[in-house]
Amino acid sequence: MSQWDYAPAPESREVANLKPQYHPFIGGEFVDGTGEPLKTLNPATEEVLAEVGTAGPADVDNAVKAARKAYDRVWGPMPGAERAKYVFRLARLLQERARELAVLETLDNGKPIKESRDADVPTAAAHFFYHAGWADKLDHAGLGPDPRPLGVAGQVIPWNFPLLMLAWKVAPALATGNTVVLKPAETTPLTALVFAEICQQAGLPPGVVNVLPGAGDVGAAVVDHPGVNKVAFTGSTEVGKQIQRTVAGTGKRLTLELGGKAANIVFDDAPLDQAVEGIVNGIFFNQGHVCCAGSRLLVQESIADEVLAKLRARVATLRLGDPLDKNTDIGAVNSAEQLARIRELADSGESEGAQRWTSPCPLPEKGYFFAPTVFSGVEQSMRIAREEIFGPVLSVLTFRTPDEAVAKANNTPYGLSAGVWTDKGSRILWMADKLRAGVVWANTFNRFDPAAPFGGYKESGFGREGGRTGLEAYLHVQG
């Protein structure tokens with residue numbers, strides 16, 4: 001071992017309080033689901049973590065009825081100040097059980113423990129704290145004189161940030177007086193089911209939150225149920241389009257947060273060392289399983305060679321391995337299916353003529369791992385420049401002028417996020433105005449705050465989550 005190697009620093013998996021079986025949560029109780037049970041895996045070891053009961057059609061109907069009953073009798077009529085107390089209590093319990101939730105998330109998802117511990121769980125709690133503050137102030141949110149809740153919200157969340165995406169959706173729904181039927185991702189249901197325990201612990205009235213594990217058919221049944229007034233979905237663009245077709249003409253409110261192919265743009269006057277850190281964070285955070293990942297790096301031509309050299313040197317230092325090791329930078333890909341897609345798209349980059357560079361880090365013998373990979377010489381027509389890879393793969397393109405940078409950045413069916421690296425404030429503002437993206441970061445990347453709305457354009461979806469603007473998606477407003 002050289003003096004710069006890191007000794008293993010594993011977090012204890014016992015902290016997760018893993019159970020052999022988990023069950024759907026309907027009407028304030030855990031019940032035996034009528035669907036076919038599934039086994040959730042640890043993607044870093046391919047071991048079975050637990051058996052999870054899933055929801056059948058009758059369970060979906062029961063959950064929506066329980067949510068409607070709670071909305072009509074308890075949660076909807078409840079004064080905002082009283083709702084705020086429950087939402088605040090949920091936030092405090094997320095904090096109190098933060099270590100347990102972080103370890104469980106890492107076991108079920110594959111992301112490094114330092115990301116679960118330092119980003120996912122604290123930000124989830126922050127969303128509940130933030131929205132608790134709005135619960136009794138909706139009349140003063142600038143949304144009209146008498147904003148009213150919609151009713152029952154059907155929410156379908158993805159596997160890349162299971163607990164955080166739950167918080168993004170459940171917190172505003174509850175704060176605005178709606179009740180919830182939540183369908184977590186098939187491969188990562190465990191933290192959502194522990195959140196159901198937290199709802200019990202907080203004394204949340206039965207039926208206010210219901211959690212239905214299962215595959216895509218369960219999510220489709222939730223979306224299609226006539227008792228659901230609002231649908232919120234985060235996931236793939238393909239499924240988002242299917243949902244939009246399903247709810248068309250039903251009167252249901254809909255928000256979609258879908259895929260992305262963000263441009264991270266580096267000008268020749270940027271602080272390059274800082275930019276390289278931002279590039280690494282933008283694409284390799286959470287193994288690239290981020291809808292707003294900076295997966296297209298646009299570098300001004302005059303500094304391209306220097307940036308690539310610095311970038312490869314930095315990526316080579318990233319530590320890939322056991323997600324429970326506190327030193328790990330790159331964890332496991334969430335599933336065998338996702339790993340196969342990443343490999344296929346990376347292979348297409350090579351076959352179409354891009355130059356592939358892969359980190360020399362060793363890969364574990366077991367588990368779903370993919371080494372950080374950087375493609376240079378990428379053309380806009382290549383699949384790796386157009387399709388969302390959702391993995392630790394970066395495509396590098398060059399530009400000469402700001403206008404060319406804008407044209408290349410906007411040359412995508414997506415429009416979720418972008419990054420700009422430059423020393424000129426005027427250029428940042430000019431670029432932000434020209435880029436067709438819901439979020440534009442300046443000299444940073446992947447910065448989030450519960451008070452800041454997030455969402456996209458074009459095939460990245462519509463509607464905003466977070467902030468005062470995000471409240472409107474769960475309210476009837478005048479005007």
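**Cavities and domain**

Guide: The largest cavity holds about 90 Å³. A cavity here is a set of 1 Å grid points, over protein atoms alone, where a 1.4 Å probe fits but cannot get out. Points join across faces, edges and corners, and volume is the space filled by probe spheres set on them. The model is predicted: local features need pLDDT of at least 70, side-chain atom pairs 80 or more, while totals for chains, interfaces and linings use all residues. Numbering runs from 1 along each chain as its sequence is written, and side-chain values use heavy atoms, without hydrogens or water.

Visitor: Which residues lie nearest the centre of the largest cavity?

Guide: Arg296, Ala409, Ser417, Arg436 and Ala437, among 15 lining residues. Lining means an atom within 4 Å of a point.

Visitor: Which elements give two or more residues to that lining?

Guide: Helix 13 (402–410) and strand 17 (417–421). These are DSSP runs numbered from the N terminus: helices H or I, at least four residues; strands E, at least two.

Visitor: And the second largest cavity, how much space lies there?

Guide: About 60 Å³. Ala293, Ser295, Glu388, Ile389 and Phe390 are closest to its centre, out of 13 lining residues.

Visitor: How many cavities of 30 Å³ or more are there?

Guide: Three, searching the whole structure.

Visitor: New topic. What domain does UniProt list?

Guide: An unreviewed UniProt entry gives "domain: Aldehyde dehydrogenase" for residues 30–478. Such annotations may be inferred rather than shown by experiment. That stretch is 41% helix and 16% strand, with end C-alpha atoms 39 Å apart.

How values were computed:
1 Å grid on protein atoms, 1.4 Å probe; cavity = no way out; pocket = protein on both sides within 12 Å on 5 of 7 lines; lining within 4 Å.
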